[in-house]
Amino acid sequence: MLAADDGARVIAGGQTLVPLMAMRLARPTRLIDIARIPGLAYIRDEGEHVAIGATTRQCVVESDAVVRAKLPLLAKVMPFVGHTATRARGTVGGSIVNGDGAAEIILVAVTLGATLVWRESGENNLLAAPDFFLGPMVTALPLTACLAEARFPVWHEKRVGVGFHEINARQSDFAFVSAAAQVALDGEARCTRAAIGIGAATAVPLRLDAVAEDLKGQRYDEGAVRKSLGAALDGIETMADLHASAAYRKRVAGTMAVRAIADAFANAARRP
Amino acid sequence: MKVELDINRERHTVDIEPRTSLLDCLRDKLLLTGAHAGCEHGVCGACTVLVDGAAVRSCLMFAVQADGYAITTIEGLAPGPGELSPLQDAFCETHGMQCGYCTPAMILAAHALLSKNTSPTREEIIEAISGNICRCTGYAQIVEAIALAAERMRGQNIKADQP
């Protein structure tokens, strides 16, 4: 059906697509509702990653025990995804394919390096999250394809901690800037692995690999973290709109990231 | 196309265009005008209804997608004609409304909260209604109303989802 009609769009929760339609920014000729396909809603622990089916509702992920245990960063951001009423209908896959640069699920996908699986003409295709998101509301997903699954990597270290901070006008509204951090610590509270990402500041979420690299082998030191973030953010171009200027976004991105990293270290240090 | 909907524990068959939102269907076809049209793009929350007990925006859902779910609107909350639910009572008592435009949706959002959580904290109440905009009250009396209703329902040992 998608191949036969290039104006056709897939709908699941409709919490992003229907507002776009209401504002006439999207005018699909046909909607194909996949929300009730039973095989597309699941959360499976597959060892190296947790696989989440495209139509899994956000409210299900929010309270899921596997996600809490294996994907603490995703569990941490879920209460910030829209509002209770939109999480009741909105899906994980819908958030991913719409590619809104301010979406928290996408920030986690980019930060952790999730793998996205889509189906096209009966075949599965895989792509790593940072390559999937091309621009604001633009992804690498072909128009004739349908996202099937998102695989979020599981960190098996004993002491894993996460942090997330965002700034917005009202609770759970679109973030002006967000930052996510996941760190693993050894017995001496030294970082063995880190993943840092910022969202909403740039067109698509940005993973700060240089900062993650700087953190390795280190204990938490705010001055060093600020210096490393400053260097990483120096070269990037942040967005400007009615709500926040580019300079504000850059400054706040640094602050949100410092707080997220501090929380992640503290969170990990509390684990035995 | 014809769709069969379960609304306020009654079956209704409606003849609608596939593009009709659940909100428009409720208001125009079934004359359940307690679901209010505000922004019509999912921001204000005035159109909130319950879908299988969960608060959902009816402007972001097509009526055809509601087939098979139990839909509850504000008209379905009162235990009987001329009576009010504990939440509705509490909103009257604490002056939890002024113009009333956001009120049905606020009450339904609160109803969804109290059916899962009988003793919510102030933060949980605020989180539950944070997707619903009120331009009159400043929210204080709304939060007060929900806390009062929760306290009374605990006292009477009744749950929000028992009509």
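How many residues of domain 1 of chain B are in contact with residues of domain 2 of chain B?

1. Basis. This is a predicted model, in which local features need pLDDT of at least 70 and side-chain atom pairs count only at pLDDT 80 or more, while totals for chains, interfaces and linings use all residues. Residues are numbered from 1 along each chain as its sequence is written, and chains are lettered from A and ligands numbered from 1 in the order in which they are written.

2. Domains of chain B. Domain 1 covers 2–76 and domain 2 covers 86–155 (bounds from an automatic or database domain assignment). In answer to the opening question, 14 residues of domain 1 of chain B are in contact with 13 residues of domain 2 of chain B (contact: C-beta atoms, placed from the backbone, within 7 Å). On the domain 1 side, nine residues are nonpolar, five polar and none charged (nonpolar: Ala, Val, Leu, Ile, Met, Phe, Trp, Tyr, Cys and Pro; charged: Asp, Glu, Lys and Arg; polar: the others, Gly among them).

3. Contact between chains. Chain A contributes 16 residues and chain B 17 residues. Helix H1 (17–22) and helix H5 (84–87) of chain A each supply at least two residues of the chain A side (DSSP runs, numbered from the N terminus: helices, H or I, at least four residues; strands, E, at least two).

4. Sheet of chain A. Five strands form an open antiparallel sheet, ordered E3-E4-E9-E5-E6 (pairing: at least two DSSP bridges between two strands). Strand E3 (43–45) and strand E6 (123–128) of chain A each have a single partner strand, so one side of each lacks a neighbour in the sheet.

Conventions:
Two residues are in contact if their C-beta atoms, placed from the backbone, lie within 7 Å.
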